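Reader: I have a fold on screen and want to learn how to read it. Can we go through it step by step?

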Amino acid sequence: LFGEIMYGGHITDPWDRRVNNTYLAVLITPDLLVGGNLAPGFKSPDSTKLEYAQYVKYIEERFPPEIPQMFGLHPNAEIGFLTNQGVNLFKTIAEISGGGGGRGGGDINAAAPIITGYLSQLPVNLDMLEIRGKVKDEDVTPFIIVSFQEGDRENDLINQMRSSMQELELGISGR
């Protein structure tokens with residue numbers, strides 16, 4: 001079942017699926033994990049002697065903490081990772097916070113001409129009824145259907161952009 005879910009969904013040819021299922025039946029067996037290392041220094045318990053819940057409990061209680069050496073990395077790899085993660089976190093906070101208090105705030109009304117400019121650049125919506133009317137029923141293929149769907153999505157996006165900018169203009173003007 002695991003192999004069918006992980007690999008089978010990507011296989012469309014029935015003969016390839018048959019080969020894959022044969023490999024899975026021969027190679028992926030319950031005995032595969034008996035005595036195997038789940039992590040360095042952590043052997044898998046015998047799956048034939050434990051029920052699923054006991055197997056999970058065994059792993060949760062006895063699994064060693066994750067350290068870089070477990071993944072074949074140098075012990076200092078975690079320091080670099082955590083440092084980069086901290087830098088990215090503080091960089092994101094600084095970008096979101098809006099900057100320092102030393103500068104004067106900008107005039108929000110200065111955004112109005114920019115919004116008007118963007119609104120004027122938005123294309124008109126596609127007339128999907130007219131476009132669909134030009135295609136004969138016998139000419140409709142999966143490619144045409146996807147094109148229709150993409151046209152609808154483009155219209156939705158344009159409408160959302162137009163609506164958001166109009167709401168922003170109303171907010172700036174105080175209405």
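Predicted model: local features only at pLDDT ≥ 70, side-chain atom pairs only at ≥ 80, totals over all residues.

Reader: How many helices and strands does the protein chain have?

Author: Helices (H or I, at least four residues) and strands (E, at least two) are DSSP runs, numbered from the N terminus. Here there are seven helices and two strands. Along the sequence the pattern reads α-α-β-β-α-α-α-α-α.

Reader: What span should α7 have?

Author: The expected span of a helix is 1.5 Å times one less than its number of residues. The 32 residues of α7 should therefore span 46 Å. The end C-alpha atoms of α7 are 47 Å apart, which agrees. Just after α7, G174 takes a positive phi of about 90°.

Reader: At what angle do α5 and α7 pack?

Author: Axes are lines fitted to C-alpha atoms, for helices over the stretch in contact, and angles run from 0 to 180 degrees between N-to-C directions. Helix α5 (residues 112-121) and helix α7 (residues 142-173) pack at about 155°, with axes 10 Å apart. Angles under 35 degrees count as roughly parallel, over 145 as roughly antiparallel, 65 to 115 as roughly perpendicular and the rest as oblique. So α5 and α7 are roughly antiparallel.

Reader: Which residues make the contact?

Author: Contact means heavy atoms within 4.5 Å. From α5 come I115, T116, Y118 and L119. From α7 come R162, M165, Q166, L168, E169 and I172.

Reader: Which residues of α7 are buried?

Author: Buried means under 20% relative accessible area, exposed over 50%, partly exposed in between (1.4 Å probe, protein chains only). In α7 the buried residues are F148, G151, N155, I158, M165 and I172. They pack against α5 and α6 (128-134). Of the 175 residues of the protein chain, 12% count as buried.

Reader: Where does N125 lie?

Author: N125 sits in the loop between α5 and α6. Its relative accessibility is 31%, so N125 counts as partly exposed. Leaving aside neighbours within four places in sequence, N125 is in contact with N155, I158, N159 and R162. N125 and I158 are 33 residues apart in sequence and 7.0 Å apart in space, C-alpha to C-alpha.

Technical notes:
Residues numbered from 1 in each chain as written. Heavy atoms only, no water.
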